[in-house]
Amino acid sequence: MNKILALRLLDAADDAAIIIDAGSRIRYANDAMYALSGYAPDSLTDRQLEALLPDAVREQHGAQIGAYLAGEKKSTVLGHKRHFAMRHRDGSMLPIVLKAMDLGKLDDENYMGAFFIDQRHERAMEQQNAARWKQLQRSALSDSLTRLPNRRAFEIDAARAAAQARRAGSPMTIGIADIDFFKKVNDQHGHAAGDAVLQAIAAVLQSQARASDVVARVGGEEFGLLFPHTDMAMARQVAERIRLAVAATCVDFEQTPITATISIGLAPLPADGDWKAGFELADTALYQAKKNGRNRVEEA
């Protein structure tokens with residue numbers, strides 16, 4: 001009676017379960033196993049277990065069982081939970097936690113059993129959490145208005161690029177761009193117009209910079225620029241292209257055309273790789289550009 005009740009309990013279990021013989025033939029599968037594997041009820045009986053196994057292990061499985069039963073090899077699977085994959089009837093691989101065990105002998109025949117615990121929900125949750133974490137990271141390092149990297153992201157990129165430049169002995173130029181008379185835009189047209197101008201100029205900066213360059217919003221109307229593997233002469237060419245493109249941009253805000261210009265300061269990365277010192281030099285050059293009339297590029 002106890003065996004009958006135990007089998008009924010196993011049939012009703014939420015986790016998939018199977019029993020195989022020494023030849024890897026499935027001798028029993030509960031209802032949860034059929035639901036998990038996609039096979040019709042009773043259709044797994046006498047099938048080889050290898051039909052449910054990944055390609056990487058299915059060919060060696062029978063030999064491993066034989067070696068274990070012959071006492072030639074200890075099992076690293078039996079008695080332990082391990083993350084695994086099971087082949088569904090449609091050929092797809094399902095993530096599971098496998099717990100296999102030696103059931104001993106019955107009528108002089110060896111049997112083994114295993115539980116297959118479905119991990120699809122857990123994997124989906126892990127993927128969702130990972131995606132949320134990546135989104136949080138992107139949000140933490142992104143300026144919400146312009147979608148450019150923010151100051152924190154700029155600092156991370158600057159430190160990384162400066163370290164690489166110093167190791168490689170390659171040049172690097174640091175720049176700061178600032179919108180000229182931006183306060184007048186806000187005062188004359190309102191802050192919504194100022195936001196539209198910021199977005200438009202940010203888009204121009206990003207489109208005119210090279211793929212290897214870094215453009216970030218580091219302040220209200222201030223943008224940080226990094227030009228890796230670039231000397232001052234080449235950086236000035238790129239900066240001039242950016243400046244001219246901004247000057248040619250017209251923002252149509254509520255049927256009112258708004259134009260703006262930018263001033264840019266450039267400085268080389270110091271020999272010791274101190275990007276912050278280079279940033280301060282670029283800021284000094286930016287101040288000089290403002291002093292000399294704005295809408296221009298100055299070098300430190």
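1. Let me begin with Asp272, which sits in the loop that joins strand E11 (262-268) to helix H9 (275-291). Helices (H or I, at least four residues) and strands (E, at least two) are DSSP runs, numbered from the N terminus. Please keep in mind that this is a predicted model, where local features need pLDDT of at least 70, side-chain atom pairs count only at pLDDT 80 or more, and totals for chains, interfaces and linings use all residues. Residues are numbered from 1 along each chain as its sequence is written, and side-chain values use heavy atoms, with hydrogens and water left out.

2. Asp272 is partly exposed because its relative accessible area is 45%. The classes are buried for under 20% relative accessible area, exposed for over 50%, and partly exposed in between (1.4 Å probe, protein chains only).

3. Next, Asn292, in the loop between H9 and strand E12 (297-299). Asn292 counts as partly exposed because its relative accessibility is 35%. Its side chain makes a polar contact with the side chain of Glu298, at 3.1 Å; the term covers a pair of N or O atoms within 3.5 Å, where within protein one must be able to donate a hydrogen and the other to accept it, and residues adjacent in sequence count only if both atoms are side-chain atoms.

4. Two backbone angles deserve a look. Most residues other than glycine have a negative phi. Ser24, however, has a positive phi of about 70 degrees although it is not a glycine. Ser24 belongs to the loop between strand E1 (16-21) and strand E2 (26-29), and it counts as buried because its relative accessibility is 1%.

5. Arg147 also has a positive phi, near 65 degrees. This residue lies in the loop between helix H4 (120-140) and helix H5 (151-168). Is Arg147 buried or exposed? Arg147 counts as exposed, because its relative accessibility is 64%.

6. Finally, Gln64 is part of helix H3 (residues 55-69) and is partly exposed at 40% relative accessibility. Its C-alpha atom is separated by 8.2 Å from that of Ser75, eleven residues apart along the chain.
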